[in-house]
Amino acid sequence: MAKTSTYRPAVRNLISLLRARSSFGRPCYIKRTTRHAALIVPELRSGADGPYAHLKTFDRATVHEAVVLGAVTLGPDLVNVPACSGNRNHFATDIGHTGRTIQLTAVTR
């Protein structure tokens, strides 16, 4: 695996956000459309049972690139993602839109 410093800035940003938000011990999620991928993460408040929030939207290709590089792993199945705060018109806040878990690989951590 290459050093993360050689990754594109968008991939490094995804890794950085996952590193910070996955430290809460709760899963992070990704909801994807044909073009975009929304990162759904635990909020910084309310401890272990706090709410989730739509943190950032990436190009779907960025997430795919991170998977191919071995930096992140997606869950094998589509799952129901917890309700999250954010723009009500954004696809990430649609409860009916399922997603996958996303986590850093052991090598990236």
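Trainee: What makes β3 and β5 a pair, and in which direction do they run?
Mentor: First, a word on the model: it is predicted, so I keep to local features with pLDDT of at least 70 and side-chain atom pairs at pLDDT 80 or more, while totals for chains, interfaces and linings use all residues. Residues are numbered from 1 along each chain as its sequence is written, and side-chain values use heavy atoms, with hydrogens and water left out. Now the pair: two strands pair if DSSP finds at least two bridges between them. Strand β3 (residues 52–59) has two bridges to β5, and the two run parallel.

Trainee: How do you know what counts as a strand or a helix in the first place?
Mentor: Both are DSSP runs, numbered from the N terminus: helices are H or I with at least four residues, strands are E with at least two. By that rule the protein has two helices and six strands. Along the sequence the pattern reads α-β-β-β-α-β-β-β.

Trainee: In what order do the strands sit in the sheet?
Mentor: The order is β4-β6-β1-β2-β3-β5, in an open sheet with mixed pairing. β4 (72–74) and β5 (84–85) are at the edges with a single partner strand each, so one side of each has no neighbour in the sheet.

Trainee: Which pairs run antiparallel, and how many bridges does β6 make with β4?
Mentor: β4 and β6 are joined by three bridges and run antiparallel; there, Thr 73 has Gln 103 of β6 as its bridge partner. β1 and β6 are antiparallel too, with three bridges. In that pair Cys 28 stands opposite Ile 102, and Tyr 29 opposite Thr 101. β1 also runs antiparallel to β2, through four bridges, with Arg 32 facing Ala 37. A hairpin of three residues links β1 to β2.

Trainee: Why is β1 called largely enclosed?
Mentor: Set the residues against the cut-offs: buried means under 20% relative accessible area, exposed over 50%, partly exposed in between (1.4 Å probe, protein chains only). Four of the five residues of β1 are buried, so the strand is largely enclosed by the rest of the structure. For the protein as a whole, 39% of the 109 residues count as buried.

Trainee: Which strands does helix α1 lie across?
Mentor: Helix α1 (residues 9–21) lies across β1 (28–32), β2 (36–42), β3, β4 and β6 (100–104), at about 165 degrees to β3. Helix α2 (residues 60–68) also packs on the sheet, touching β1, β2, β3, β4 and β6, with its direction at about 90 degrees to that of β3. Those angles run from 0 to 180 degrees between N-to-C directions, and the axes are lines fitted to C-alpha atoms, for helices over the stretch in contact. Contact means heavy atoms within 4.5 Å.

Trainee: Is Gly 99 buried or exposed?
Mentor: Buried, because its relative accessibility is 2%. Gly 99 sits in the loop between β5 and β6. Beyond its neighbours within four places in sequence, its contacts include Ile 30, Lys 31 and Asp 77. Gly 99 and Arg 32 are 67 residues apart in sequence, yet their C-alpha atoms are 6.9 Å apart.
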